[in-house]
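This briefing covers aromatic rings, strand pairing and domain contact, in that order.

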Amino acid sequence: MKPATALASPGAAATPAPTAEGRVRAYHQRTKHHLQRYAAGPETLDWDAQPDPFRRWAGAVVTMLPLPAATLAQGESPAWEALFREGAVPPRPADRNAIGLLFELSFALAAWKQHGPDRWAVRVNPSSGNLHPTEAYLLAQGVRGLDDGLYHYAPREHALERRAQARAAAGEGTRLWIGLASIHWREAWKYGERAFRYCQLDAGHALGALRYAAAVLGWRARVVEGLGDAELAALLGLDRDGDFQDAEREAPDCLVELLPAPAAPAGAAPDPAQWLMAGTWLGKANRLDKHPMYRWPVIADASAASSRPQLEAACAGVPDARPPDIPGAPAAAAEPAVEIIRTRRSAQRFDRRAVMPLSALARLVRALVTAALPWDLLPGPARIHPVLFAHRVEGLAPGAYVLPRSAAGEALLRSALGAGMEWLPVDGLPLWRLAENPALAGTLRTINCHQALGSDATLAVAMLAEYDGALAGAPWSYRDLLAEAGLLGQVLYLEAQACGFNGTGIGCYFDDALHELLGMEGTRLQSVYHFTIGAGQHDPRIQSTPPYAGREEYAWTPEPSNA
Ligand SMILES: Cc1cc2nc3c(=O)[nH]c(=O)nc-3n(C[C@H](O)[C@H](O)[C@H](O)COP(=O)(O)O)c2cc1C
């Protein structure tokens, strides 16, 4: 028999199927915004037919969570600065009140907003376009006031929906995990092909929100390493076709273990077959968009190509960044942590005369390079390095500055940024000045999709990812890079708030225009997220009401313990 290759006509080279890494790279490339052309997205939007912002599981057992007033008495919040000092916040017992507070400070509604006939909810965590693709699941074992099992968090009600029960003999002691998953359609509805990126950035913000909330409870948290997407989907019930029917699917993001006990070691994910009780699943997912007008198959392809295999947990380690000695950085804020978390809002416009004190910049810089919270959440070294465009920072010449977050990152930046960069050290800060340029504000406005936030901010940021190095042989790292950038964004939001400023994430920017500005060629580094910080201006036309005003006040009181 002739070999199969003999069937091919001479000279016709077979086109090899693109590798997963190639497909991820192609996705990133085609979803760049260009000055002359935006990435493909819907040409028209029917605002009255927006997808339902809330996923519900009809038929699941609902457990109401206590409202904030019941879980944290006035004046009981730890100071913001205490979150960063090991042992400074005594751990709360893992009970239903603590779970209520954890979700309230991470994924709950923060307010209902109204402008004319439009009414919408904002949440404690930010989200691209306020579309909130990230769903949160709780796996609870040994939590007082909650049956062991898998729950979905419903933010509109501040309630848990029990999807499945855990086996009676699932395990000993208290164990807690939060699983995150993304509904890509939520973002794709508005943003088209670029939406997959936004979902990953939002997941990074969600991770940050969760880590800070855990810190208020005196708990630690750690992403479970090596867990594959298929395994996580099985654990969260995302692979149960019959429970979704025609509802939009959820893609698994990651699993975080919460550690309420001091110094308890982080463990592996529970095995769903061992941990969940078969036959106890309840709930059907609601369909969010009854009449989708567009389809973006490239998102499903990027998601499949970047799917995470089950891996041996790599050697865990704290990021190799270390808190530098920053003499100008004041002690972190003494304000109550819950105030900073609850009042965080994106600025929609900035006061273009505001100036940022150098001490505030020092604080932001320190928060990005410290090995402490929230960076203790992630395994592996830092792979995102911000370029800061200082428009109006006291004592700092307007211009571009780079903040390498690791020694390896600095070496890469030195070789990949344009040869014309100055690389002048900045006194007292781990920053290098790349170029002094008072005209940069206008340029940043253009680069950030002509958004005035880019020029009116006191500080604009571009986040450069170690792109080629991370993706080589590990296409799922694309998601990790975006999530790490989202986590940086969450740090900037909260630290800006703590300094009396406001942040706004910027997902819309012209990718290669930014790369050209920095003299970058090739794809060793790619900008994956932008950010702006300034003095936010309040819009008095928008009315705000408390998030759960209509809900009956409810407190869970622990039964006297036999222990
Ligand atoms: C990943 C991401 C990208 C964003 N991109 C933009 C943007 O390009 N322009 C903008 O004005 N706001 C942007 N935002 C801010 C959101 O619009 C804002 O978070 C959302 O409206 C919710 O408001 P809140 O942050 O006050 O909760 C972005 C936020 C995130 C998390």
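In what follows, buried means under 20% relative accessible area, exposed means over 50%, and partly exposed covers what falls in between, with a 1.4 Å probe and protein chains only. The model is predicted, and for that reason local features need pLDDT of at least 70 and side-chain atom pairs count only at pLDDT 80 or more, whereas totals for chains, interfaces and linings use all residues. Residues are numbered from 1 along each chain as its sequence is written, and side-chain values use heavy atoms, with hydrogens and water left out.

**Aromatic pairs**

- Rings of Phe, Tyr and Trp (for Trp, the six-membered ring) are taken as a pair if their centres lie within 6.5 Å, and the pair counts as stacked with planes under 30 degrees apart, as edge-to-face over 60 degrees and as tilted for the rest.
- Searching the whole structure gives 16 aromatic pairs; in one of them, tyrosine 191 and tyrosine 198, the ring centres are 5.0 Å apart and the planes stand at 90 degrees, so this pair is edge-to-face.
- Tyrosine 191 is partly exposed at 24% relative accessibility, while tyrosine 198 is buried, its relative accessible area being 4%.
- For tyrosine 294 and tryptophan 296 the ring centres lie 5.6 Å apart with the planes at 10 degrees, and the pair is therefore stacked.
- Tyrosine 294 has a relative accessible area of 23% and is partly exposed, whereas tryptophan 296, at 14% relative accessibility, counts as buried.
- Tyr27, Phe196, Tyr467 and Tyr478 are linked into a cluster by ring pairs.

**Charges over rings**

- A charge is said to sit over a ring if NZ of Lys or CZ of Arg is within 6 Å of the ring centre and within 35 degrees of the ring normal.
- Arginine 119 places its charged end over the ring of tryptophan 112, 4.3 Å from the centre, and arginine 414 lies over the face of tryptophan 432, at 4.6 Å from the ring centre.

**Strand pairing**

- Strands are DSSP runs (E, at least two residues), numbered from the N terminus, and two of them pair if DSSP finds at least two bridges between them.
- Strand β3 (residues 109-115) is joined to β4 by 6 bridges and the two run antiparallel, with arginine 123 in β4 as the bridge partner of leucine 109.
- The hairpin of β3 and β4 has 2 residues between the strands, and glycine 116 takes a positive phi near 60 degrees there.
- Strand β13 (residues 399-402) runs antiparallel to β12 (residues 384-390), with 4 bridges between them, and 4 bridges also join β13 to the antiparallel β15 (residues 432-436).

**Domains**

- The protein chain is divided into domain 1 (47-313) and domain 2 (337-534), with bounds that come from an automatic or database domain assignment.
- The C-alpha centres of domain 1 and domain 2 lie 27 Å apart, and the contact (heavy atoms within 4.5 Å) takes 47 residues from domain 1 and 37 residues from domain 2.
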